Amino acid sequence: LWKEIRVEKEFLLQGLSQFKAFKIYPPDANFILIDIRKSGFTAAQLKAKLLEFGILIRDCSSFAGLDEYYIRIAVKTRLENEKLLTALKKIL
């Protein structure tokens, strides 16, 4: 299970790094913190857009020290990670 999570985390990080509007913070856990300030969306707006694709992300605007431009994405299965990356390509 841990090996699968590690592999999927690497796959997801590779895919997310293609979005120039994202500032990705290297994860220690099985989720990824991202500053989306340059995307033109707030966390709430991007969350709403992704919900249209059936994808739920964490809006981190309520976290101490973060503002409305931070999201958290969980590392999931390959199929779910691909679905997320495809949805992000359509939105951005």
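Let's start with a rule for rings: those of Phe, Tyr and Trp (its six-membered ring) pair if their centres lie within 6.5 Å, and the pair counts as stacked if the planes are under 30 degrees apart, edge-to-face if they are over 60, and tilted for the rest. By this rule the count here comes to 2 aromatic pairs.

Before we look at them, a word on the model. It is a predicted one, where local features need pLDDT of at least 70 and side-chain atom pairs count only at pLDDT 80 or more, while totals for chains, interfaces and linings use all residues. Residues are numbered from 1 along each chain as its sequence is written, and side-chain values use heavy atoms, with hydrogens and water left out.

**The two ring pairs**

| Pair | Type | Centre to centre | Angle between planes |
|---|---|---|---|
| F19 and F22 | tilted | 5.3 Å | 35 degrees |
| Y25 and Y70 | tilted | 6.2 Å | 35 degrees |

Both F19 and F22 are buried; that word means under 20% relative accessible area, while exposed means over 50% and partly exposed is in between (1.4 Å probe, protein chains only). Now for the tyrosines. Y70 counts as buried because its relative accessibility is 11%, and Y25 is partly exposed because its relative accessible area is 28%. Y25 lies in strand β1 (residues 23–25) and Y70 in strand β4, so this pair ties together parts that are 45 residues apart in sequence. Strand names like these come from DSSP runs, numbered from the N terminus: helices are H or I with at least four residues, and strands are E with at least two.

**The sheet**

How are the strands arranged? There are 4 of them in an open sheet, in the order β1-β2-β4-β3, with antiparallel pairing. Two strands pair if DSSP finds at least two bridges between them. As a bit of background, strands of a sheet pair through backbone hydrogen bonds, either parallel or antiparallel.

Let's walk across this sheet. β1 and β2 run antiparallel and are joined by 3 bridges, and they form a hairpin with 5 residues between them. K23 has D35 in β2 as its bridge partner. Next, 5 bridges join β2 to β4, again antiparallel, and here I32 is partnered with I73 in β4. Finally, β3 (residues 58–59) pairs with β4 in the antiparallel sense over 2 bridges, with D59 standing opposite I71 in β4.

**The core**

A nonpolar core is a set of buried Ala, Val, Leu, Ile, Met, Phe, Trp, Tyr and Cys residues joined through side-chain atoms within 4.5 Å. The largest one here has 23 residues, and L16, L46 and L50 touch the most other members. The elements giving two or more residues to this core are α1 (2–16), β2 (31–35), α2 (43–51), β4 (70–74) and α3. It's α3 that gives the most, with 5 residues. Which residues does L16 touch, not counting those up to four places away in sequence? They are F22, I24, I32, I34, I73, L85 and L88, where contact means heavy atoms within 4.5 Å.

**A buried asparagine**

N81 sits in helix α3 (residues 78–91). It counts as buried because its relative accessible area is 1%. Its side chain makes a polar contact of 3.0 Å with that of E8; such a contact is a pair of N or O atoms within 3.5 Å, and within protein, one must be able to donate a hydrogen and the other to accept it, while residues adjacent in sequence count only if both atoms are side-chain atoms. Leaving out residues up to four places away in sequence, N81 touches E8, F11, L12, A74, V75 and K76.

**Charges over rings**

F11 also has the charged end of R78 over its ring, 3.7 Å from the centre. Likewise, R72 lies over the face of F31, at 4.3 Å from the ring centre. The rule is that NZ of Lys or CZ of Arg is within 6 Å of the ring centre and within 35 degrees of the ring normal.
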